[in-house]
Amino acid sequence: MDCRVNRRNVLKQIGAAGCGLWVSRAANGAEKSPSERLNLAFVGSGGRGSANIDALKDQNIVALCDVDARRAGPTFERFPKARRFVDFRKMLEEMDRQIDAVVVSAPNHIHAPASAMAMRLGKHVYCEKPLTHSVHEARVMAQVAAEKKVATQMGTQYHSSGNYRRAIEILQSGVIGPVREVDVWTMAAEGGSERPKDCPPVPAGLDWNLWLGPAPYRPYHPCYLPREWHFWWDFGGGVLGNVGCHFMDLPFWALKLRYPSSVEAEGPPVHPESTPRTMTIRYDFPARGNMPPVRLTWFQGRRSPRVETDKVPAWDTGFLFVGEQGMLLVDYDRRVLLPEAKFAGFQPPKPSIPDSIGHYKEWVAACKTGSPTGCNFDYAGALTEMVLLGNVAFRTGTKLQWDADHLKAANSAEADRFIRREYRKNWTL
């Protein structure tokens, strides 16, 4: 076989906790009544897309797009009145007047081109994490959202949890003192594969060329689908890209972080095509107001060394805030002050950060009324930039001095090719 190589104010007080908010207008300048249903279109209708559709099924689902008819088939059957598309560009062009908002659940390399096109057409956008595949795309997405003043939300659903709010209130109480270090870890270790040499036929119902989208062409192989694309540089960002925005969201929010001053990473030898199974990244941030400089360290495939040295609970994932007077360990559903004996009598502060009405509900309300969302693209774009810079540092093997104003590493011209990616012909951002 020839194998030649031929993406009302609902939470007005959240800003006090350090999360940027963006107040939007409704699509095409017209607000909707809170009781009126949105006309939604979906880019990606199987897999993660089907979960997002289920969360938003009380709205009016008018269009479904997916390049894989097999995977999206059950969703197509559930919504027979929705128009079906394979190419999101045709969907947005043909249904411009019928669509209020767009949900993007396709693989990472499709996030930016689909979301940017939708926003430029005046559509509100909900996009899965990470917001983009590259650092440059994240900056563009934030800029387009601000220009078009549309309602946006990135799919970091736990950002809207009560556990995160209570953790931030504990930090704001000052009980552990100023925080200068944060350790974030996951035991997940995936990646490091070699590109297959065989070329099986493309399955019926899958448009492989459209699945590739702006990525360089390569022959189809089942090693990329349905989720393994995460671990190939052309499509995903590895474990870091898959869960980094989830796990680093709380420190980013709680400590009012934005752009790091430097980033360095270490791990196995860099593979030109696949992402590393393990990695350690150190992000350094400058002082913010009365908050001191802080180092955030990402441990992938292992826990923080403090599990051994400081008797920190050996959770499989953890976000550990290290203060001058103690530590706070958090994950999605738990939080504990350490050492536990020292804080045995601690009384949590009275809740001061309003609970979210729900991650999806925030976005729906914003689309209709212009109310704020917690993970709008200004906030999510900066978070995604920070996270993905870890991969840039790893791939260059250099401690990057980050110049956020100019979107470049001041000390590494090589980093430019990882900060920005070249799109295939006929694909634009």
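In what sense do β8 and β9 pair, and over how many bridges? The two strands pair in the antiparallel sense, over five bridges; pairing here requires that DSSP finds at least two bridges between two strands. Helices (H or I, at least four residues) and strands (E, at least two) are DSSP runs, numbered from the N terminus. The model is a predicted one, so local features need pLDDT of at least 70 and side-chain atom pairs count only at pLDDT 80 or more, while totals for chains, interfaces and linings use all residues. Residues are numbered from 1 along each chain as its sequence is written, and side-chain values use heavy atoms, with hydrogens and water left out.

Zooming out, β8 and β9 belong to an open sheet of nine strands with mixed pairing, ordered β13-β12-β11-β7-β10-β9-β8-β14-β15. Its edges are β13 (335-338) and β15 (408-409), each of which pairs on one side only. Helix α11 (residues 377-396) packs on this sheet and touches β8, β9 (279-285) and β14, where a contact means heavy atoms within 4.5 Å. The direction of α11 makes about 55° with that of β8; axes are lines fitted to C-alpha atoms, for helices over the stretch in contact, and angles run from 0 to 180 degrees between N-to-C directions.

Next, the helix pair. Two packed helices are described by the angle between their axes and the distance between the axes. For α5 (residues 135-148) and α11, the axes come within 8 Å and cross at roughly 175°. The two helices are therefore roughly antiparallel to each other (angles under 35 degrees count as roughly parallel, over 145 as roughly antiparallel, 65 to 115 as roughly perpendicular and the rest as oblique). Helix α5 contributes V135, A138, R139, M141, A142 and A145 to the contact, and the α11 residues include F377, L388, L389 and V392.

Two other helices are tucked away. Ten of the eleven residues of α10 (residues 359-369) are buried, so α10 is largely enclosed by the rest of the structure. The buried residues, among them W363 and C367, pack against β1 (39-43), α1 (48-55), β4 (101-104), β5 (124-127), β6 (152-154) and α6 (162-172). Helix α6 is largely enclosed as well, since nine of its eleven residues are buried. Its cover includes β7 (179-186), α8 (238-254), β11 (317-323), β12 (327-330), β13 and α10.

Conventions: Buried means under 20% relative accessible area, exposed over 50%, partly exposed in between (1.4 Å probe, protein chains only).
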